[in-house]
Structure formats: structure tokens, C-alpha cells
Amino acid sequence: MRLFIFAIGGTGARVLKSLGMLLAAGVKPLDPATGREMEEFEIVPMILDPHHSNEDLKRTDELLRSYRKLRRALYGGSAAAKGFFATKISTLKELLSESSSELDDTFLFNLGAVERCKFSEFVGFNDLDGENQALLRMLFSADQLDTSMNIGFVGSPNIGSVALNMFRKSPEFRAFCNVFAEGDRVFFISSIFGGTGAAGFPILLKNIRHAEGLDVNNKGYLKRCKTGALTMLPYFNIEHKEGSPINKADFVVKTRSALHYYDKAVTGSGRGSLLNAIYYLGDTEVSAPYANDPGAGGQKNAAHLVELVGALAPLNFAATPDDDLPQGRTEAFEYGLEKDTSQVNMLTFGPATRRLAATPLIKLHLLSLFLDNKFRECIGRGFTKDKPSIGSDFLSSDFYRTLTGPFLSKYWDWLEEMDANHRHVEIFDLDVASDLERLLPGVEQKKGFLGNRRFTHDDIFSRINTVSKHREGAFRPDQLPLKLMSLFYEAAGQLVESKFSNITE
């Protein structure tokens, strides 16, 4: 299955970043009938935000680029894989023929006509006659008309709804329509209490569903395809700032207004829905306020628990059978923690979430710790000597430097930001480096016949050596990255099962 994901605005980018972490760990949609992973699952993320200096957007784009580079080194272009980085992540350009040079090879959707002007210039205010200028002044405030859209729509969905309607005329939208195939699905990620996301989601959805009026291919597939959306309700606080167009007091009012509109025009109250599934997610926990930055300062919000939970929504949507997503009505989904607490650990999540994501995330975390604390001294011994051998030159390879640098450094930033947030998320004890039995706060190591014993990197090294002996001849000399990651994934899985199996119960 191919899932096209439109991540709209800063919230969309941040949820997509959390999804990237889950996919890197090897999390995949689970078939509800069998509980098995979907073998062939590909996502095509498109980040829509005219504010290209948004730090959240840039961090997500860099993460996805590193992910794609690592996955190519491991699995090439194959869509079917199991293990770390198993899910294929593609840009829109990758799906086109090589002769198509109109698009950039990027995860960022080009909104050039919006990014380069003020809203008044975009609507041609100065070229209108007096009556139409007066009408625009009634519909938009002076501040809104003067808004420079290169920092987004600063909490004004009425601006965004006008500006983003240009989406259907863009080369990217035409390319999306032309590569869309039967069986593909579409998913939207956006907030409902801001400007870019609140406006962008319904506009994009309507353009996709009503593509029959456009000169593009696959109109029938787009009209009938399964569509889902994650709608983020207010989940963080911001500082009060005199003169700022963004005000926390407006969040609830904007949310109510948008929900009323969605009910009439999107989820189909009484006249047929444009959407098959909608996921609502928010947090009433009063958080320490973020800086009130309408956009000029770059917008760099700390990672939040709600964004991690939100990343589960597209996975759930992808796993839901067609028959459970009938046309003409919208299934609504919500999410709740096992218990409401400000101190979140692995056991705070419900059993279904732990079965899906706990073991892969532990494997990824163990990989990061092992590479930092043990791997170098292992070279020349054990599994690294088994053919094809992993020598010291591997440490300077492009794969290893990308994995330990750009990717895993962002992984730790993500964990530390969630850990420091007001809704304190400590799924791992970030001070643990070697005493791995203390890795999971609130989770006791499984007791053996002689009680608990220490769990260290030596145990991991020994288990990888055992796995390696059983996989002799499985890797070519040009597959050293795959050898390391595959052996570790299998060995870590066995250790998690023996040490922490109770987390998935």
C-alpha cells in the first residue's frame, strides 16, 4: 500500500517527525485479523507550509532525508523489508519518470506564489475597484491584508483558505494526481486551532475529491480513494505577547468554529462525507508556555507526547480494511492513555500501543546505546569477524556517519524534548548508558529461575554473535550496513522478549 501524507503547517511537520522515529524503529501497520505487519507499505510525505524558515519544518525535512538515505543503503529500492527503516519513504518526484524534471526531489511542497508576497498582493487588492476593496476590508482586517505569507497564515485560517486554493494549479498537485493509483490512500495531518493547518486540510481534501473538474489523470481513483485525517485539537500553551496575532484565548473559539464547519462540509453531517476516517487528538494538561512566535523567529517547538501519539493515527488508518471504511460517512477515532498522568512511561500507554510500538522502540534505543558504548571495541571480534567482516573503516563509512550523526542525534533531541516537556514523557531513562536493566522506567526486568541478573552491552554482543552464526552466508560484501542492522534487530528482539516481555501483555 502507498499512503500519501499531507503534513500541513508546523503541527503537521512535528507529527511527521514522530512518525519518522517510529518507522525508523521498524514499526509498521498491523493487520487487525492476523496481527502481522504489512509487508509492503510505502509513505509519500508532502509537507505544506509557506513558512520555509520554520525550524520544525526544516528539522523534519532533514530527518526524512537522512531516513531515506539510510534505507536506500539497507534495502535499495525494495518496498518490502523488515527491521529498522523497513518502511519505504519516497518523494513525489521519485514516483515520476526520470524525464520529469519539473519537480524538486524534496519532501517540501512548493507554495512559491504564496511565499513571495503579502496577502493583499496575492488577492490583487490594489488592482480592484473601490467596491471590491471595501468588501475585502469587511472580510479581512488591515493586519491580515498586510500579512507576509512567507511566515504562514499566523492563526488566520480565512487567509489560508484563500491562499491554499492555488494548490490545485500547482505542478505538485498535478504530479500527485497523475501518479495516484487504485488502492492508494491519502492522509492529512493538521491542527485545527491555528491558521495553516486549519485552512489547508479542508481545502486540500475538497480539491482531491473534486479533481474531476481538472485536467489530471486518475480522477476516479481520487474520488473513490480512502482518505483519513488527524485533526489536532489544542495541546500546548503559548506566552501572552502584546500585539501578536496568536493568542491562546482564541484556541478554543477557533476549534469550535472549525469543528462546526468540518461537521457540515467535511465529515458529512446529512449530505455525504468527503472523508472516511478522522482522528481527534488533543491535551487539556496545562503546559509550560511556548514562546509566542508568529513565525519571524523560526518556530521551534519542543516535541510533545501528543505528536508521538498522533503518529500512530496514519498507521492505524493504513491497517484498517476497506470494508471498515465505507464511503459516504466518516468514522471518528479518539485516543486515551491507560491513565491520565503528567509522568508518562511505557506502561502509561494501552496494550494495543505497546504491542505495536514498544519492542521496536526499545530495539532502536538499544542500537543507539550499543553504537555509542560498545560497538567500536567489538570490531575485530565476534560477529564483526564473520564474513563479510566489518572492519574499522566501517566507522568512517557514509552509512555509519549518517546513522550516528544526523539521524540518531535527532532521535536523542526528540526524546530529550519530550522528557523536558510539561507532560513529562520518560519512556526511557536517558541517563542509563550501560546498566540496561534500568532502561525502562516503571518496568521491571523479567525474572529468571535465579532471579534478575544484570543486562549489559556484553549480553547484546554475545546474542549478536549467536545470531550471526545462524545467518552465515546471508550477506554479500557490499551489505555491511544490512548485516549490522539485521543482526542487531534480531538479537535485540530476542533480548527484549526475554527481559521485558511483560510490556506487551
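1. Overall make-up. The model is predicted. The protein contains 18 helices and 9 strands. Of its 505 residues, 57% are buried. Among contacts with a separation of 6 or more, 76% are accounted for by residues 24 or more positions apart.

2. The sheet. An open sheet is built from 7 strands in the order β3-β2-β1-β4-β5-β6-β7, with parallel pairing. Its edges are β3 (88-89) and β7 (331-333), each of which pairs on one side only. In general terms, the strands of a sheet pair through backbone hydrogen bonds, either parallel or antiparallel.

3. Strand β4 and its neighbours. Strand β4 covers residues 185-191 and is joined to strand β5 (residues 226-232) by 7 bridges, the two running parallel. Within this pairing, Ser 191 stands opposite Met 232 of β5. On the other pairing, β1 and β4 are parallel over 5 bridges, and Ala 7 has Ile 189 in β4 as its bridge partner.

4. Burial of β4. Because 7 of the 7 residues of β4 are buried, the strand is largely enclosed by the rest of the structure. Arg 185, Phe 187, Ile 189 and Ser 191 point one way from β4, while Val 186, Phe 188 and Ser 190 point the other way; all are buried. Readers may note that Arg 185 is among these buried residues. Here, buried denotes under 20% relative accessible area.

5. Strands β5, β6 and β7. The parallel run continues from β5 to β6 through 5 bridges, with Gly 228 standing opposite Ala 277 of β6. A further 3 bridges join β6 to β7, again in parallel; in this pairing, the bridge partner of Tyr 279 is Phe 333 in β7. Strand β6 (residues 277-281) has 4 of its 5 residues buried, so it is largely enclosed by the rest of the structure.

6. Helix α1 on the sheet. Helix α1 (residues 9-25) lies across several strands, namely β1 (2-8), β2 (42-48), β3, β4 and β5. The helix runs at about 140° to β1.

7. A mostly covered helix. In helix α13 (residues 312-319), 7 of the 8 residues are buried, and the helix is thus described as mostly covered. The buried residues are Leu 312, Ala 313, Pro 314, Leu 315, Phe 317, Ala 318 and Ala 319.

8. The surface. The accessible surface of the protein amounts to about 21,500 Å², and carbon and sulfur atoms hold 48% of that area. Leu 135, Met 138 and Leu 139 together make a nonpolar surface patch of about 350 Å². Leu 139 belongs to helix α5 (residues 130-139). Leu 139 counts as exposed because its relative accessible area is 52%, the cut-off for exposed being over 50%. As a general point on helix geometry, an α-helix has 3.6 residues a turn, so residues three or four places apart point the same way.

Terms used. Residues are numbered from 1 along each chain as its sequence is written. This is a predicted model: local features need pLDDT of at least 70, side-chain atom pairs count only at pLDDT 80 or more; totals for chains, interfaces and linings use all residues. Side-chain values use heavy atoms; hydrogens and water are left out. Buried means under 20% relative accessible area, exposed over 50%, partly exposed in between (1.4 Å probe, protein chains only). Contact means heavy atoms within 4.5 Å. Accessible areas come from the Shrake-Rupley method with a 1.4 Å probe; for residues, only the protein chains shown count as cover. Patches are made of residues with over 30% relative accessible area and no salt bridge: like charges are joined within 9 Å, nonpolar side chains (Val, Leu, Ile, Met, Phe, Trp, Tyr) within 5 Å. A salt bridge is a side-chain nitrogen of Lys or Arg within 4 Å of a carboxyl oxygen of Asp or Glu. Two strands pair if DSSP finds at least two bridges between them. Axes are lines fitted to C-alpha atoms, for helices over the stretch in contact, and angles run from 0 to 180 degrees between N-to-C directions.
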